[in-house]
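The sequence and structure come first.

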Amino acid sequence: MAWSLIHAGWMHVILAIINAHDWTMRYVTTFSTEVFSLLNSIIYFHKAVQELQRAHDDLSFAAFLYAVIGAIGTMLVAIFLSTAEKWQPLFHRYIRMGLAEYAAAISIIIFIGMPHVGELASLDRSTLHVSTSFKPSDPDRSVFFVQFWHLPVAWIFAAVVPGFVITVLFFFDHEVSSIICTIDRYGTKKPGGFAWDIILLGTTTALCGILGIPPANGLLPQAPLHSESLMHTEKEEILISVDGEEKVEYRDIKRV
């Protein structure tokens, strides 16, 4: 895996140098982004059902019922908080903006903390294994990095193929995320940051290969939240015709 990710790393750098983003933007449409986002949403729902099924098998019935309540409650509270900007005149404007922008995080923290309070604290729960020592979790490894230089030369060149597949997947994922963040309703313009993003992604991918861990990549559902958090209201002049006379009307338009 190490050489596959290292090859993917330098391929990302080449894509950034030749500014491949300009070419793909002509063919990747918003329809592609919506379909890809739908796929991610389905995967998340499927994963949630799997986790609830595992909770049903491993935990008591009471703990399983709370897992169901927590799953549904996290979603509903996040959706409710996301409408906070419309709660005028309740709370200060900046408080409403903070609640709306961090709705998902606030909801997750609330339902993670609830099982530790009151009678819910007695429920059994599944927790992640946390290492108590600073060393690799694999007992066969004594150092954090992979000794990738011991691989035969033939296999090093063979790793170019999976490295290319990883590059295509990551680059398309990055393009879809970029398009979602810069759709027309945000009123953004293409900056030079797209190329820097690809270089950063290639660097982290190669580093993950050297460390022997799965490569990290951006997730689509969170991508538009960055643009949403930067949006502000502007006044725009619009000429309208009333009884044959032109009048100027000001409308509030949200832009990044």
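## Backbone exceptions in the loops

Phe91 is partly exposed at 44% relative accessibility, where partly exposed lies between buried (under 20% relative accessible area) and exposed (over 50%), with a 1.4 Å probe and protein chains only. Phe91 sits in the loop between H4 and H5 and has a positive phi of about 65° although it is not a glycine. Helices (H or I, at least four residues) and strands (E, at least two) are DSSP runs numbered from the N terminus.

The loop between helix H4 (61–81) and helix H5 (93–101) also holds Pro89. The peptide bond from Gln88 to Pro89 is cis, with omega near 5°. Most residues other than glycine have a negative phi, and most peptide bonds are trans. Asn19, in the loop between helix H1 (2–17) and helix H2 (21–24), is not a glycine either and has a positive phi of about 55°. Asn19 is partly exposed, at 26% relative accessibility.

## Basis of the model

The model is predicted: local features need pLDDT of at least 70 and side-chain atom pairs count only at pLDDT 80 or more, while totals for chains, interfaces and linings use all residues. Residues are numbered from 1 along each chain as its sequence is written, and side-chain values use heavy atoms, with hydrogens and water left out.

Thr205 belongs to helix H9 (residues 193–211) and is buried, with a relative accessible area of 0%. Not counting residues up to four places away in sequence, its contacts (heavy atoms within 4.5 Å) are Leu5, Ala8, Phe170 and Pro215.

Val248 is in strand S2 (residues 245–255) and is partly exposed, with a relative accessible area of 44%. Beyond its neighbours within four places in sequence, Val248 touches Glu237, Ile238 and Leu239. The C-alpha atoms of Val248 and Glu237 are 6.3 Å apart, and the two residues are 11 apart in sequence.

## The chain as a whole

The chain has 10 helices and two strands, in the order α-α-α-α-α-α-α-α-α-α-β-β from the N terminus. Of the contacts in the chain with a separation of 6 or more, 66% join residues 24 or more positions apart.

The radius of gyration, taken over C-alpha atoms, is 24 Å, whereas a compact globule of 256 residues would have one near 18 Å; the globule rule is 2.2 Å times the number of residues to the power 0.38. Along the principal axes, the C-alpha atoms fill a box of roughly 80 × 60 × 30 Å. Of the 256 residues, 27% count as buried.
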